[in-house]
Amino acid sequence: MKQLLAMAALVIGAGTAAGLAQAAAPVARIQAMLDKPEQLCGRFDQTKRLAGMKKPLLSNGRFCVVAGKGVLWRTLKPFPNTLRLKRDEIVHLQGERVAMRLDASQEPTVRMINGVLFSLLGGDLGRLDSLFEVDGSANADSWKVALKARNAALARAVGTIALEGGAHVRSIQMVEESGDRTEIVFSSIKTGPGAVLPEEAAQL
């Protein structure tokens, strides 16, 4: 869940009026480069390096973003589990059993988290506006964005974040205050009809 909270933070913020003026050009250029399909699915590989531990923690799986429905984040290895995110709820599934459910009526941040996740994975960087200092650059076919939280509490939660991509997000790197580092790499991206597998469609 923490990785998804950090990912959500990616598309929330970028600071003062001066910061926004400096960031507007690269962010607008990056936004124009991003594809915005109705359906987008692919593989993710996550590497988490904990401070003080030599061996990284590895996991992988599939993710899907379907406009108007939600986000499905399926970890396949080392242990299968699924997160389903809709506008008003986050559900953690273990097999077909609901292990946890967060509802927006009880947890107001749920709607915000889900909204920004949809924006991130769906290729909408337009919500970079208030919580982060942003430094972005783009060339002909790729771009980079670095985000640093302005709020101390948020900085403790998500640290600094770097995002790279082209037509789609390719990788996310997060460095927490503790020194823990997480990298998520996206690959095998498919869009349009047929991107979502039948078992995934049943869960969305």
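Which residues does Ser-171 touch, not counting residues up to four places away in sequence? In this predicted model, the contacts of Ser-171 are Ala-162, Leu-163, Glu-164, Ile-184, Val-185 and Phe-186. Ser-171 is located in strand β10. Its relative accessible area is 10%, which means that Ser-171 is classed as buried, the limit being under 20%. One of these contacts, Phe-186, also takes part in the aromatic pairs described next.

Aromatic pairs. The structure contains four aromatic pairs. In one of them, the ring centres of Phe-63 and Phe-186 are separated by 5.0 Å and the ring planes stand at 70 degrees, so the arrangement is edge-to-face. Phe-63 belongs to strand β2 (residues 57–66) and Phe-186 to strand β11, so this pair ties together parts of the chain that are 123 residues apart in sequence. Phe-63 is buried, with a relative accessibility of 2%, and Phe-186 is likewise buried, at 7%. Phe-186 forms an aromatic pair with Trp-73 as well, again edge-to-face, with 6.2 Å from centre to centre and 80 degrees between the planes. Because Trp-73 lies in strand β3 and Phe-186 in strand β11, the pair connects parts that are 113 residues apart in sequence. Trp-73 and Phe-186 are both buried. Together with Phe-44, the residues Phe-63, Trp-73 and Phe-186 make up one aromatic cluster. A pair of aromatic rings is described by the distance of the centres and the angle of the planes.

Strand β2, which contributes Phe-63 to the cluster, is mostly covered, eight of its 10 residues being buried. Strands β1 and β2 run antiparallel and are joined by 10 bridges. Across this pairing, Arg-43 stands opposite Arg-62 in β2. Strand β2 is also paired with β3 in the antiparallel sense, over seven bridges. Here the bridge partner of Val-65 is Val-71 in β3. The hairpin of β2 and β3 has three residues between the strands, and within this hairpin Gly-68 adopts a positive phi near 85 degrees. Gly-70 lies in strand β3 and is buried, with a relative accessible area of 3%. The C-alpha atoms of Gly-70 and Leu-85 are 5.5 Å apart in space, although the two residues are 15 residues apart in sequence. In a regular strand the side chains alternate between the two faces of the sheet.

Salt bridges. Side chains of opposite charge can pair when their charged atoms come close. Six salt bridges are present in the structure. Among them, Glu-176 and Lys-48 form a salt bridge in which the closest N and O atoms are 3.1 Å apart. This pair links distant parts of the chain, as Glu-176 occupies the loop between β10 (169–175) and β11 (181–191), whereas Lys-48 is in strand β1 (residues 39–49), 128 residues apart. Both partners fall under the 20% limit for buried residues: Glu-176 has a relative accessible area of 13%, and Lys-48 has one of 19%.

A further salt bridge brings together the side chains of Arg-74 and Glu-200, with an N to O distance of 2.7 Å. Arg-74 is part of strand β3 (residues 70–77) and Glu-200 part of helix α5 (residues 198–201), so that distant parts of the chain, 126 residues apart, are linked. Arg-74 and Glu-200 are both buried.

Arg-101 and Glu-89 also form a salt bridge, their closest N and O atoms being 3.0 Å apart. Arg-101 sits in strand β6 (residues 97–103) and Glu-89 in strand β5 (residues 89–94), the two residues being 12 residues apart. Elsewhere, salt bridges that share partners join Arg-62, Arg-74 and Glu-200 into one network.

Note on methods:
Residues are numbered from 1 along each chain as its sequence is written. Side-chain values use heavy atoms; hydrogens and water are left out. A salt bridge is a side-chain nitrogen of Lys or Arg within 4 Å of a carboxyl oxygen of Asp or Glu. Helices (H or I, at least four residues) and strands (E, at least two) are DSSP runs, numbered from the N terminus. Buried means under 20% relative accessible area, exposed over 50%, partly exposed in between (1.4 Å probe, protein chains only). Rings of Phe, Tyr and Trp (its six-membered ring) pair if their centres lie within 6.5 Å; planes under 30 degrees apart count as stacked, over 60 as edge-to-face and the rest as tilted. Two strands pair if DSSP finds at least two bridges between them. Contact means heavy atoms within 4.5 Å.
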